[in-house]
Amino acid sequence: RYVKEAATSSCNFEGSSPLSTQNSSSRRTPHPETGRPIRERSRRILSIANMSLRRVAVMGSGKIGRACAFFLQRSGSYDVTSLDHEGANLYWIKDNIPGASTRKVSFTDANAMAKALEGHDAVLAAGPFWHNPMIAEVCKRVGAHYLDLTEDVSVTQKVKELAGGAGTAFIPQCGLAPGFITIAGYNLAKSLDTVQDLRLRVGALPRFPSNALKYNLTWSTSGLINEYIQPCEAIVNGKLISVPPLENLEHCTIEGLELESFNTSGGLGTLAETLNGRIGTLDYKTLRFPGHRDILKLLLNDLGYAKDPEGLGRVFERSIPATDQDQVAVFVSCTGEKNGRLLERTYAKVRLATGHHTPTSPLDYLNPRPKTQCTLDPKPQPPNAKRLPRRLLGTGRLGGCLGLLSRSRLRLGRAACSIS
């Protein structure tokens, strides 16, 4: 993070650019802790690290917004303000995230948002996706960096247009999909000389499904339905095309989980645009437990809820419970040539949280407690059994994304994965 801030900082250290490639061996200063000489570039980064906390506003404090606010405040690097139009959500922030500020504001009042966001360095839009264009416009107006988690293609296009001529960064689609999954896919693609096929699969799933949909609500309900009804991008035979949602059903097994996958909208982000003309096949599909897709087609197509997504959202909120006992499944497969040899490289993970207590909020995963261990084997083990320690993740889609992104390098999973 500090390297990025040094690159974008307006500070001018000794008349050179923040990340100048010139030889700076002659300009060294003592390290503040060790006293050993350090290079000029390292000195710049340390200077930025010692600056005051960055002020970050999180727009929305629902399932995902409160998790974002918690992780940012917990890091110790940010002064977080949570903004929402629902008082109950803001009370949750006050009660559960020490140090975070709250402010009630309407996401449909641009002037009120501009007043509330004045002086913030960055704004993370974590509310309903249809508010993002106005939030982005306000960020441009007050000079704040803008980030969001949306998968909606039309909203991202509007944000892209607003970014033109802005003096700050506009970074949409920073969630799990799009976001982490496209980073993982592009990383595998770069490891090959030429790429033929790249397949991305992601699913935020309950650990103990008990209803016909075999699903629980762990992130934005409106965003969930939106990806089920909007057209999907894909590259087929080297051409960027639009494909219908809920089609092209596949079945796969990832670390013992039997799953199905099907087309959903927005998961590719801008990766299709990046790889267009350089790859034969690129697609994204959502992972669910078998049978989920067929029920969705009944609800959306046969019963007409595709034309009434808000109505379906109310049905889901009323009938499908949330859960803290969830897991995130990720599967990326890339086929291409390396040194004249045809290769397939795969990244596959299933991340779940286990422990000796039942979590009730994102805080329960990270508050100081007796250390627990996380294993991919859900079966109980004797206390003296050797287990692979893993970091406990937060709840929901964002929690899985942040946990996976915390690793400095992508590593190939040892799981046995197959797609039929």
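Mentor: Let's start with a rule: two strands pair if DSSP finds at least two bridges between them. Strands themselves are DSSP runs of E with at least two residues, while helices are runs of H or I with at least four residues, both numbered from the N terminus. This is a predicted model, where local features need pLDDT of at least 70 and side-chain atom pairs count only at pLDDT 80 or more, though totals for chains, interfaces and linings use all residues. Residues are numbered from 1 along each chain as its sequence is written, and side-chain values use heavy atoms, leaving out hydrogens and water.

Trainee: How do you know that S3 pairs with strand S6?

Mentor: Four bridges join S3 to S6 (residues 122-125), and the rule asks for at least two, so they pair. The two strands run parallel. One of the partners is valine 123 in S6, which bridges to alanine 57.

Trainee: What makes S4 a partner of S3?

Mentor: Six bridges join S3 to S4 (residues 78-84), so these strands pair by that rule too. They also run parallel, and alanine 57 stands opposite threonine 81 in S4.

Trainee: Why is valine 236 called partly exposed?

Mentor: Buried means under 20% relative accessible area and exposed means over 50%, with partly exposed in between (1.4 Å probe, protein chains only). Valine 236 has 34% relative accessibility, so it counts as partly exposed. This residue lies in strand S10 (residues 232-236).

Trainee: And how is S3 covered?

Mentor: Five of the six residues of S3 (residues 54-59) are buried, so the strand is mostly covered.

Trainee: How do you know that the buried residues of helix H4 share a side?

Mentor: The buried residues of H4 (residues 87-96) are Asn89, Leu90, Trp92, Ile93 and Asn96. They cover an arc of only 150° around the axis, so they sit on the same side of H4; the arc is that of the directions from the helix axis to the C-beta atoms. The face turned away from that buried side carries the exposed Ala88, Tyr91 and Asp95.
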